[in-house]
Amino acid sequence: MDWMIYGANGYTGRMMVEEAVKRGLRPVLAGRSAASLEPLAKKHGLPVRAFALDNEQALRCGLNGIGLVMHCAGPFSATCAPMLEACLDAGAHYLDITGEIDVFAHCHAQDARARDRGIVVLPGSGFDVVPTDCLAAQLKRELPTADSLVLAFEAGGGPSPGTAKTSVEGLGKGGRARINGEMTRVPLAWKTRTFERDGEQRFAMTIPWGDVYTAYVSTGIGNVEVYMGVPPDTAKKLRRLRLLGPLLGLGPVQSLLKKQVEKRVRGPSDATRGKTGCVVWGEARDAAGNEVKRRMRTPNGYEITVTAALGIVARLLAGPAPKGGYYTPSALMGADYVLSLPGVALD
């Protein structure tokens, strides 16, 4: 099966290409600009296809003969829909590395079409949301009666430009939580609490992380909150931003903030990624007061994004192909998949 990395010249895309080649894989490198792709392609002797996602004819030509797309070009709020449509048309499996709730919802809404086409649609195949989704599935397995789930993570190293731009988009949408099975809008930094790490209490706030959507699909647990470890001042600043409300979502404001990201954010260096990791917490409870907790350590979020995503690619390339449809990572790969990845362990 020929397969493609779209956005191969981006921060995470380049990492994906380098690791894929180390594993003996030979993806087609794709993106909007041939000039940006060719140096990387020449380095590894890989083919290039250049096409924009807003050109329907070029997009469909670009996927000719491709059986799987690893989509790495965000923000996925803008790029997922056209690429997914093209994959459905071409009969190509669709994977991406999003963490955006609305993107998960859009992909899930295409489940019946994906089943008809016999393709796997699996958004969130990286740090968003493989570790947390697998942890949620493990907790559900241990406490089948769970009706409440809390997930949290603390990540070191800083964001890539794409992640930072996605965060900017999120400012205008506020927070999200799953309450009694329903996706519910909540204020920015809606709740705060602490989690224990190495004998210390780590401050965290609720964020609209992808698991608010996907954990319900994976586990059926109807109440889901996701927290991120941050300095307390960060939560205070976000709560002050609530006063700006919809203004943060206006086009000119978003454009200004994203330009600042382009100027200032480069993503963590190789050295920074190598010396920073992540801690993930999970807590499940049921109506009788029973509770299970787990804590997991992983490499830097970008490192595990690459290994997690390529592990899913390898599964689909090796066959046999699973039934078509929408999948979460744990649904396709199993609750313990994350524990097979380099540097991941339960604490």
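The questions and answers below concern a predicted model.

User: Which conventions apply to numbering and to the values?
Analyst: Residues are numbered from 1 along each chain as its sequence is written, and side-chain values use heavy atoms, with hydrogens and water left out. The model is predicted: local features need pLDDT of at least 70, side-chain atom pairs count only at pLDDT 80 or more, and totals for chains, interfaces and linings use all residues.

User: How many helices and strands does the protein have?
Analyst: Helices (H or I, at least four residues) and strands (E, at least two) are DSSP runs, numbered from the N terminus. On that basis the protein has 14 helices and 16 strands.

User: What share of the residues in the protein is buried?
Analyst: Buried means under 20% relative accessible area, exposed over 50%, and partly exposed in between (1.4 Å probe, protein chains only). Of the 347 residues, the buried ones make up 50%.

User: What share of the accessible surface belongs to carbon and sulfur atoms?
Analyst: Accessible areas come from the Shrake-Rupley method with a 1.4 Å probe; for residues, only the protein chains shown count as cover. The accessible surface of the protein comes to about 14,900 Å², and the share of carbon and sulfur atoms is 52%.

User: What share of the contacts with a separation of 6 or more comes from residues 24 or more positions apart?
Analyst: Contact means heavy atoms within 4.5 Å. Among the contacts in the protein with a separation of 6 or more, residues 24 or more positions apart account for 72%.

User: Are helix 5 and helix 9 parallel, antiparallel, perpendicular or oblique to each other?
Analyst: Two packed helices are described by the angle between their axes and the distance between the axes. Axes are lines fitted to C-alpha atoms, for helices over the stretch in contact, and angles run from 0 to 180 degrees between N-to-C directions. Helix 5 (residues 101-108) and helix 9 (residues 211-219) pack with axes 8 Å apart at an angle of about 40 degrees. Angles under 35 degrees count as roughly parallel, over 145 as roughly antiparallel, 65 to 115 as roughly perpendicular and the rest as oblique, so helix 5 and helix 9 are oblique.

User: Which residues of helix 9 make the contact with helix 5, and what classes are present?
Analyst: Ala, Val, Leu, Ile, Met, Phe, Trp, Tyr, Cys and Pro count as nonpolar, Asp, Glu, Lys and Arg as charged, and the others, Gly among them, as polar. By class, the contact of helix 5 with helix 9 has six nonpolar, two polar and no charged residues. Helix 5 contributes I101, F104, A105 and H108, and helix 9 contributes V212, Y213, T214 and V217.

User: Where is the cis peptide bond whose omega is about 5 degrees?
Analyst: V129 is found in the loop between strand 6 (120-122) and helix 7 (130-142). The cis bond with omega about 5 degrees joins D128 and V129.

User: Which peptide bond is cis with omega near -5 degrees?
Analyst: P320 lies in the loop between helix 13 (301-318) and strand 15 (325-326). The cis bond with omega near -5 degrees runs from G319 to P320.

User: Is A189, with its positive phi, buried or exposed?
Analyst: A189 is not a glycine, yet its phi is about 50 degrees. A189 lies in the loop between strand 9 (182-186) and strand 10 (192-197). Its relative accessible area is 3%, so A189 is buried.

User: Is D198 buried or exposed?
Analyst: D198 also has a positive phi, near 50 degrees, in a residue other than glycine. D198 is found in the loop between strand 10 and strand 11 (200-206). Its relative accessibility is 55%, so D198 counts as exposed.

User: Which residues does C72 contact, leaving aside neighbours within four places in sequence?
Analyst: C72 lies in the loop between strand 4 (68-71) and helix 4. At a relative accessible area of 11%, C72 is buried. Leaving aside those neighbours, C72 is in contact with I5, Y6, G7, G13, M16 and I97.

User: How far apart are the C-alpha atoms of K275 and N300?
Analyst: K275 lies in helix 12 (residues 270-275), and at 70% relative accessibility K275 counts as exposed. K275 and N300 are 25 residues apart in sequence, and their C-alpha separation is 8.0 Å.
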